[in-house]
Amino acid sequence: MYKQQRYELVESLRLKGISDELLLQAMIKVEREKFVSAIMKPNAYKDIALPIGYGQTISQPFTIAIMTEALQIKKGDKVLEIGTGSGYQAALLYQMSAKVYSIERHIDVYNEVLKKFEKLGIRVHCKCGDGTLGWDQYSPFDKIIVTAGSPSVPESLKKQLAINGRMVIPVGNMSSQTLKVLTKTAPEEFEIEDIPQFAFVPLIGREGWKE
Ligand code: SAH
């Protein structure tokens, strides 16, 4: 189902300048409609953000593509995702042959996504907790992707990034953020590139927005 819509979505992303073939091929394979509620399925291939319940959203495909492309994922990369949400982003990374670790703070969202991964045979290491603190046990990570907006870049995540690793994180206020793309050049040194004007749900935690 929806194969044609998937191709059309990927073509529209190409026209908007997305060129990472590993990502585009994954977007052709991963069935986005399986990550949204029944009522939202007809909208699954529109380039818009969709509600996934509990006040959370699955990001717009173009935003997901920009963030994932910025990570420069290579097969076998160890990737930490903060904010599992619907599981769509994690499923894309898994389809791109990354080893995916994903943290979700909301217990109901977490339980639902675990069931979904099980059913779809998507093997992602999941944990319920505060992702602003990272997942030290499995660090360093080649790539880190934060899918909720933060007031700043959490120090724990900076520490857990491998040298030459890349992190993408929306930073700003509650209503608008800039995507920061960090490359770790030395233990305490980062090159930072900005992609302006995005809007994500808030990252809530010890090193994010306070509850
Ligand atoms: N990557 C998701 C997008 C989910 S929206 C997808 O593909 O659908 C952002 C998610 O981040 C929400 O589910 C929210 O509950 C979660 N979140 C917010 N603060 C968090 C934190 N400190 N740690 C882990 N998850 C968090």
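Are Tyr101 and Phe141 buried or exposed? Tyr101 is buried, and Phe141 is buried as well, where buried stands for under 20% relative accessible area, exposed for over 50% and partly exposed for values in between (1.4 Å probe, protein chains only). The model is predicted, with local features needing pLDDT of at least 70 and side-chain atom pairs counting only at pLDDT 80 or more, while totals for chains, interfaces and linings use all residues. Residues are numbered from 1 along each chain as its sequence is written, and side-chain values use heavy atoms, leaving out hydrogens and water.

**Aromatic pairs**

- Across the whole structure, a search finds 7 aromatic pairs, a pair being rings of Phe, Tyr or Trp (its six-membered ring) with centres within 6.5 Å, called stacked if the planes are under 30 degrees apart, edge-to-face if over 60 and tilted for the rest.
- The ring centres of Phe35 and Tyr88 lie 5.7 Å apart with the planes at 65°, so this pair is edge-to-face.
- Phe35, in the loop between helix H2 (21-29) and strand E1 (50-53), is 53 residues apart from Tyr88 in helix H4 (residues 88-95), helices (H or I, at least four residues) and strands (E, at least two) being DSSP runs numbered from the N terminus.
- Both Phe35 and Tyr88 are buried.
- Tyr101 and Phe141 also form an edge-to-face pair, at 5.7 Å centre to centre and 65° between the planes.
- Ring pairs join Tyr101, Trp135, Tyr138 and Phe141 into a cluster.

**Charges over rings**

- The charged end of Arg32 sits over the ring of Tyr88, 5.1 Å from its centre, under the criterion that NZ of Lys or CZ of Arg is within 6 Å of the ring centre and within 35 degrees of the ring normal.
- The charged end of Lys78 sits over the ring of Phe141, 5.6 Å from its centre.
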